[in-house]
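Here's a quick briefing on how one chain packs together. Have a look at the model first, then we'll walk through the cores and the helix pairs.

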Amino acid sequence: MAKVGKKYSEAAKLVDRSKVYTIEEAVALVKKTSYEKFDASVEASFRLNVDPRHADQQIRGAMVLPHGTGRTQKVCVIANGPKEQEAIDAGADFVGGKELIEKIGKGWFEFDVLIAIPAMMGELGKLGRVLGPKGLMPNPKTGTVTMDIAKAVEDVKKGKIEYRVDKEGNINVLIGKVSFDEDKLAENFQAINDVIMRARPAAVKGIYLKGATLSSTMGPGIKVA
């Protein structure tokens, strides 16, 4: 059994592991159980009754949280022509075409989100083996392959998150920081919860959402109703 630190043990004592908390109770508790000196992130985890091996049960998408994530993300846009200026005007941190693709191919990854226009995906697709494992490959389903570059950049800057079910049937997403007001964390959680519930595959029978938890960075999990 893995050993846990004293601070974690003390935080864990505040959580009744047999109890399922309301979202209001959970966000209050997640703030109390955060023991890191920095402004820790708050993550929501959803355990779903899906089998991602089947194409019709692969849940994936993106959304802008009502109150953002509290994290500043650097956006890189691969475009050409007028779309380059559109990206710059929208606040993209890095903008370019083939020369930027070559730079990424050489190991440059000083960005968090990669957005591209459809016309550049042929060239960018050659970096699939590099970008894919890092979760950086643009995808139409998450709005990162688009002609509406301005909206894509602005959404990321406002607090857009991507969600995707893993091979175990779980979805883990950032919903804010410990410093957020409790009502803002609750609203962010409810927003992503609603989106996931609406994404229920028709093939799923019986219970869809097996459980959900909230936790802060390095903090204990708190079951949410």
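Which residues are buried in α2? They are Ile 23, Ala 26, Val 27, Ala 28, Leu 29 and Val 30, where buried means under 20% relative accessible area, exposed over 50% and partly exposed in between, with a 1.4 Å probe and protein chains only. Bear in mind that this is a predicted model, where local features need pLDDT of at least 70, side-chain atom pairs count only at pLDDT 80 or more, and totals for chains, interfaces and linings use all residues. Residues are numbered from 1 along each chain as its sequence is written, and side-chain values use heavy atoms, leaving out hydrogens and water.

**The chain overall**
- There are 8 helices and 9 strands in the chain; these are DSSP runs numbered from the N terminus, with helices being H or I of at least four residues and strands E of at least two.
- The C-alpha atoms fill a box of roughly 55 × 45 × 35 Å along the principal axes.
- Of the 225 residues in the chain, 45% are buried.
- Among contacts (heavy atoms within 4.5 Å) with a separation of 6 or more, 71% link residues 24 or more positions apart.

**The nonpolar cores**
- The largest nonpolar core has 37 residues; a core here is a set of buried Ala, Val, Leu, Ile, Met, Phe, Trp, Tyr and Cys residues joined through side-chain atoms within 4.5 Å.
- Phe 46, Ile 171, Val 173, Ile 175, Phe 189, Ile 192 and Leu 214 touch the most other members of that core.
- At least two residues each come from α2 (23-32), β1 (41-48), β6 (160-164), β7 (170-177), α8 (182-198), β8 (209-216) and β9 (222-224).
- Helix α8 gives the largest share of this core, 7 residues.
- A second, separate core of 30 residues has Ala 79, Trp 108, Met 120 and Val 156 among its members.

- Ile 171 sits in strand β7 and is buried, at a relative accessible area of 0%.
- Beyond its neighbours within four places in sequence, Ile 171 has contacts that include Ala 44, Phe 46, Ile 59, Tyr 163 and Ile 196.
- Ile 171 and Phe 46 are 125 residues apart in sequence, yet 5.1 Å apart from C-alpha to C-alpha.
- Ile 192, with neighbours within four places set aside, is in contact with Phe 46, Met 63, Ile 161, Tyr 163, Val 173 and Ile 175.

**α2 against α8**
- The cover over the buried residues of α2 includes β1, α8, β8 and β9.
- The axes of α2 and α8 come within 9 Å and cross at roughly 120°; axes are lines fitted to C-alpha atoms, for helices over the stretch in contact, with angles from 0 to 180 degrees between N-to-C directions.
- That angle makes α2 oblique to α8, given that under 35 degrees counts as roughly parallel, over 145 as roughly antiparallel, 65 to 115 as roughly perpendicular and the rest as oblique.
- Ile 23, Val 27, Ala 28 and Lys 31 of α2 meet Glu 182, Leu 185, Ala 186 and Phe 189 of α8.

**α3 against α7**
- Helix α3 (residues 82-90) packs with helix α7 (residues 149-158) at about 25°, their axes 8 Å apart.
- So α3 and α7 are roughly parallel to each other.
- Lys 83, Glu 86, Ala 87 and Ala 90 of α3 make the contact with Ile 149, Ala 150, Val 153 and Glu 154 of α7.
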